[in-house]
Amino acid sequence: MKNSEIFLIRVRRRLLDAADKCVLPLEFLGAVAAALPSLFRKKGLRLREFRYYLALCGSKSLPIVLLISLLMGGVLGIQAALQLTKFGAEIFTADLVGFSVLKEFGPLMVAIILTGRAGSAFAAELGTMKVNEEISALETMGIRPVGYLVLPKLVAMLLAMPVLTVFGDVAGIFGGMAIGVSVLDIPFAAYWSRTIDVLDGITMLLGILKSVVFSLLITLAGCFYGFQSTSDAQGVGRSATQAVVASIFWVIVADALLTVLYSFIGY
Amino acid sequence: MTGNANLSSDVIEVRDLSIGYGKRTVMEHLDFSIRRGEIFGLLGGSGCGKSTLMKHLIGLYRPQKGDIRIFGESIVAAPPERRREMMRRFGVTYQGGALFGSLTLSENVALPLQEFTDYPPEKIDRIVREKLALVDLADFGNYMPAEISGGMKKRAGLARALALDPELLFFDEPSAGLDPLASAALDRLIRSLRDKLGATVVIVTHELDSIFSIADRVIMLDKSVKTAAAIGDPRELKEHSGNAWVKSFLNRDGLKGA
Ligand SMILES: Nc1ncnc2c1ncn2[C@@H]1O[C@H](COP(=O)(O)OP(=O)(O)OP(=O)(O)O)[C@@H](O)[C@H]1O
Ligand SMILES: [Mg+2]
């Protein structure tokens, strides 16, 4: 065989391998989509698991979301103030903080916190179930593992993240306000009325819509890598890491796309 | 004979089966049948592919080649939905127990009942207690899998496999990690499942004592030739097999350099 032929064969094999890699996530998405209708059947959603994940992703994540968002709002406030005081435009700190928090940092901070808290936990949990042959056991019981294990997580995340985002938004705005009032000596009433004046419901809703998309991405990435885990302890660790990296990547990509999209409709 | 349309007494038929992972073949040219009401052993050295073969028989993995027919129907060719229906007729235990870590033992046993029957909760409770008592775990219903020993996990897995009174049972090393008395009790339990319920049992085990006392026939998987070295009655193979490896395996004289 000539060298060129060998080269072509190698290229072909690489391409086929790459195609295989693309098929897996699609198969997974297909399985999740196929399981969705079962949500509306009797016993469709496992309430116990759903409640467990709702607590994990929701109420138990609330303190850290509030704290991080408050700090983030404060940091934004300082950065804005440093520049705006040059123009004597301190009061616009309220605009800058308010819009950045509602449109970007609120949803984004919640997404990053939940990637760490929930996404990695999903991957590790499913990976461990694989090591234990629990997933095989489900299959031989005639239960579809994807529907059974993914849906409670998905529904819990879809509910929890938007709500957390609202809390994060409020905390972020207060963080900025704390800086504005204490450091810049803007009167509280002035900062508050400026905030109320410039912010609108649609901006907030668009931010919350982002968090809905993020919650999907984080859950799917976590569960996908969990199911892909190899059946050993390292495999479980690796799948958790991959889940975190992938979900942060996709969250940022989705954020960029949505931001561009929003700018087209004037937001 | 039950009113089943399937007249053959073979519950499982395996034809020219090759199994493995990816491109690597673990066993090939497997040809055997398992009859209704039989206790059938899968034997062979560690790592020879017993668990792999069992997972193919229950339809978890697709073979590299060949066919597996269960109750006359190919589980290899069946579409996923049909395969799941076929799987529901099996009771399976795994080498490590495979209990659901987030559920108590009772909930583990109750799960298949909740999923696939419309029994009222009291009836499910009663069946769960009955199955746990069968494997001597009556007092441990409220324990989590992480709180019990390895042998107890295996027994709990067995109770779960029996929840729906399946007609076809697959046990992967059910007695490994059990003390001699518990192991003998398990042998009695397996025999009574066959005798009372007419179940067919496929069992992977290293315990020669239990093989000789309960197995009707065995298949002996030889790692060195990647295929079955013998199929038949273990007591007969022990005495009369023409295959040196089979003989030394069953007579436990492998170390004498047979
Ligand atoms: N998930 C897997 N991926 C790749 N190879 C595997 C996998 N599971 C098992 N193998 C390989 O297949 C071969 C057979 O493994 P299997 O678990 O079936 O052995 P076994 O006969 O059940 O052994 P034991 O008696 O120790 O349980 C082994 O060589 C093992 O390396
Ligand atoms: Mg094994």
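This is a predicted model: local features need pLDDT of at least 70, side-chain atom pairs count only at pLDDT 80 or more; totals for chains, interfaces and linings use all residues.

Colleague: What is the mean pLDDT of chain B?

Modeller: The mean is 89, and 95% of the residues in chain B reach 70 or more. By pLDDT I mean the predictor's confidence in each residue, from 0 to 100.

Colleague: And where in chain B is the pLDDT below 50?

Modeller: Over residues 1-6. Beyond near neighbours in sequence, that stretch has two contacts in the model. Two residues are in contact if their C-beta atoms, placed from the backbone, lie within 7 Å.

Colleague: What ipTM does the predictor give the complex?

Modeller: The ipTM is 0.83, and the pTM is 0.85.

Colleague: OK, new topic. How many helices and strands are there in chain A?

Modeller: Chain A has nine helices and zero strands. Helices (H or I, at least four residues) and strands (E, at least two) are DSSP runs, numbered from the N terminus. For chain B the tally is nine helices and ten strands.

Colleague: Why do you call chain B as compact as a globular protein of that length?

Modeller: Its radius of gyration is 18 Å, close to the 18 Å that the globule rule gives for 258 residues, so chain B is as compact as a globular protein of that length. The radius is taken over C-alpha atoms, and the rule is 2.2 Å times the number of residues to the power 0.38.

Colleague: And what do the C-alpha traces span?

Modeller: Along its principal axes, chain B spans about 55 × 40 × 40 Å. For chain A the figures are about 75 × 60 × 35 Å.

Colleague: How much of chain A counts as buried?

Modeller: Of its 267 residues, 40%. In chain B, buried residues make up 41% of the 258. A residue is buried if 20 or more other C-beta atoms lie within 10 Å of its own, exposed if 12 or fewer, and partly exposed in between, with C-beta atoms placed from the backbone.

Colleague: Can we zoom in on a helix? Pick one from chain A.

Modeller: Take helix 9 (residues 233-264) of chain A: 32 residues, reaching 47 Å from first C-alpha to last, close to the expected 46 Å. That expected span is 1.5 Å times one less than the number of residues. Its buried residues include A:Val236, A:Ala240 and A:Val251, and the buried ones pack against helix 4 (93-131) and helix 8 (201-228) of chain A. After helix 9 comes A:Gly266, whose phi is positive, near 90°.

Colleague: Now one from chain B, please.

Modeller: Helix 5 (residues 150-161) of chain B has twelve residues and reaches 17 Å, close to the 16 Å expected. Ten of those twelve residues are buried, among them B:Met152, B:Leu158 and B:Arg160. What covers them includes strand 6 (90-93), helix 3 (105-116), helix 4 (121-134) and strand 7 (168-172) of chain B.

Colleague: Why is the site of ligand 1 shared between chains?

Modeller: Residues from chains A and B surround ligand 1, so the site is shared. A:Ser231 is in the shell, along with B:Tyr21, B:Lys50 and B:Gln95, among others. To be near the ligand, a residue needs its C-beta atom, placed from the backbone, within 6 Å of it. Helix 1 (residues 50-57) of chain B gives the largest share of the shell, three residues.

Colleague: Is A:Glu133 buried or exposed?

Modeller: A:Glu133 is buried, with 25 other C-beta atoms within 10 Å. In chain B, B:Asp136 also has a positive phi, about 70°, without being a glycine. B:Asp136 lies in the loop between helix 4 and helix 5 of chain B, and it is partly exposed, with 15 other C-beta atoms within 10 Å.

Notes: Residues are numbered from 1 along each chain as its sequence is written. Chains are lettered from A and ligands numbered from 1 in the order in which they are written.
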